[in-house]
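Hello,

The structure we discussed is below, followed by notes on what turned up in it. Please read the notes alongside the coordinates.

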Amino acid sequence: MSDETDREADGDDVTDGGRGDRRFETRAIHAGQEPDPETGALMTPIHANSTYKQDAPGEHRGYEYSRTGNPTRTDLEANLADLESGTDARCFASGMAAINTVLNLLESGDHVVAGDDVYGGTHRILTQVYEQYDIETTFVDTTDHEAVADAMRPETELVWVETPTNPLMNVNDIEALSEIAHEGDALCAVDNTFATPYLQRPLELGADVVSQSLTKYLGGHSDTIGGALIVDGKGLDEKLGFYQNSVGATPGPFDSFLVLRGIKTLPVRMDRHCKNAAELARWLADHEAVERVYYPGLESHPQHELASEQMDDFGGMLSFELDGTLEQGSTVVAETEVFTLAESLGGVESLIEQPAAMTHAAIPREERLAAGLSDGLIRVSVGIEHVDDMKADLQQAFDAAF
Ligand SMILES: Cc1ncc(COP(=O)(O)O)c(C=O)c1O
C-alpha cells in the first residue's frame with residue numbers, strides 16, 4: 001500500500017503531501033506505521049516469511065512473495081516516502097543496490113553527468129560496471145553550474161548529485177542542478193545520505209529521485225546495511241519497482257525493522273551529531289596541527305550561505321587536513337580511541353578514516369588529487385558521545401603524531 005493511498009483514505013489534506021500539521025519528529029515515529037491490527041503491538045512486526053497463502057490462484061491480501069513485497073518493508077517504505085516528501089519509496093539490500101536501480105533506468109548509449117567527488121562506490125559502479133554497457137559518465141565539479149551545463153549532451157539522461165559530498169563536504173545547489181538536468185530532459189538524482197531528510201529534502205527542491213544509504217544515519221547504529229530510493233510521482237515508482245523485483249536486491253524483514261526502529265530517534269540523534277560536529281569543527285579550525293577544516297557550518301566554507309538556505313543544519317560529517325605528513329596522518333587515525341578507525345558513517349559512535357587509503361581508494365590517484373582529495377585528508381563521522389571526550393581523544397592522537 002502506498003502512503004498516498006493511506007493519506008487519501010484518512011481524508012488528509014493532500015496538497016502538502018498529506019502531512020498536515022505534523023512535524024518531522026512526529027512523522028519519524030508514526031508515518032507508515034499503525035499498531036498491529038490483530039495484537040495491538042506498537043512496533044511493526046518482523047514478517048519473517050518468504051511466501052503468502054492465496055485464497056484462490058491470484059487472490060491474495062496484497063502480498064505473494066517477499067522479494068516483491070513484505071509488510072515490514074512496506075512500513076519502512078511508507079515512512080521514508082513521507083519523511084523525504086515523496087509519494088513512494090523502494091528499499092534495497094544496500095545503498096549501492098539503490099544506486100544501481102537508478103542506473104537500471106538507463107539504456108546503452110545514454111550518458112550521465114556526475115559530481116567529481118562522489119562517493120567512491122558511486123564512481124566505481126559508473127565507470128567499472130556501467131561503462132561496459134556503453135553508458136558513459138562525465139565527472140564534473142557540480143558546484144560549477146557552467147561546467148555541468150557544458151557537460152550535458154543530447155544523450156544525457158541522468159545528473160547525479162551528492163550534497164554535502166563525501167569526503168570534501170562541498171554543498172551543491174539542488175534546485176539549480178535539477179533545472180539544468182530538466183532543461184536537458186534528464187533526471188536529477190540526489191544522494192541524500194549525508195544530510196538525511198531531517199536536514200534536507202531534495203524532492204522539494206526539484207530533484208526527481210532521492211537515494212539513501214540506510215546503513216548510515218537512518219539506521220543509525222552501525223548494525224545493518226540498506227538502501228532506498230524515494231520519488232515524487234512522475235511514473236518513476238512503477239519503473240523502479242519493476243527493477244527492484246526483477247533484480248531482487250531487496251532487504252530482509254529484520255533489516256527493514258532495524259531501520260524503522262533507527263528512524264524513530266533520527267531527529268534527536270541528528271541534533272546531537274550536528275551540535276558536536278559544529279563544536280569539533282571550530283576546535284579543529286583553531287588547532288595548530290590542522291591546516292584546513294571542511295565543514296559547511298563554518299563561515300569559511302565556500303558554500304556556507306547555500307548550506308544555510310538548503311539545509312536545516314550542517315550535519316555530523318567533517319574532514320580536515322593535518323599540517324603534517326601522510327605518516328603523521330596515519331598515526332593520528334591509528335591512535336584515536338573514542339574515534340574508531342573504520343569505514344562508514346552515521347552511527348551513534350564516532351569514526352575516523354583516511355579516504356585516500358580506505359573509502360575512496362577505488363578512485364585513481366590522479367583523479368582523486370584533481371578533485372581536491374589529498375592523501376593527507378582525514379574524514380570524521382562525529383558521533384553522539386560527549387564532545388569534550390572527542391577533543392581529548394584527538395589531542396592525545398595529535399600529541400602521539402607530532
Ligand atoms: C554517500 C554515500 N552513498 C552511498 C553509499 C553506499 O551505501 P551502502 O554502503 O549502504 O551500499 C555510501 C557508503 O558509504 C555513501 O557514503
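**Pockets, domains and a helix pair**

At least three residues from each of domain 1 (31-263) and domain 2 (266-401) go into the lining of the second largest pocket. The domain bounds come from an automatic or database domain assignment. This is a predicted model, in which local features need pLDDT of at least 70 and side-chain atom pairs count only at pLDDT 80 or more, while totals for chains, interfaces and linings use all residues. Residues are numbered from 1 along each chain as its sequence is written, and side-chain values use heavy atoms, with hydrogens and water left out.

The pocket and cavity terms are as follows. On a 1 Å grid over the protein atoms alone, a cavity is a set of points where a 1.4 Å probe fits but cannot get out; a pocket is an open set with protein on both sides within 12 Å along at least five of seven lines; lining residues have an atom within 4 Å of a point. Grid points are joined across faces, edges and corners, and a volume is the space filled by probe spheres set on the points.

The second largest pocket has a volume of about 430 Å³. It is lined by 26 residues, of which Met-96, Tyr-119, Asn-166, Ser-213 and Lys-216 are the closest to its centre. H4, H5 and strand E6 (209-213) are the elements that give two or more residues to this lining; helices (H or I, at least four residues) and strands (E, at least two) are DSSP runs, numbered from the N terminus. By class, the lining has eight nonpolar, twelve polar and six charged residues. Here Ala, Val, Leu, Ile, Met, Phe, Trp, Tyr, Cys and Pro count as nonpolar, Asp, Glu, Lys and Arg as charged, and the others, Gly among them, as polar.

A search of the whole structure gives one cavity of 30 Å³ or more. The largest cavity has a volume of about 40 Å³, and its lining consists of Pro-164, Met-169, Phe-194, Pro-296, Phe-314, Gly-315, Gly-316 and Met-317. Six of these residues are nonpolar, two polar and none charged. This lining also draws at least three residues from each of domain 1 and domain 2.

As for the domains themselves, their C-alpha centres lie 26 Å apart. In domain 1, 38 residues are in contact (heavy atoms within 4.5 Å) with 42 residues of domain 2.

Regards
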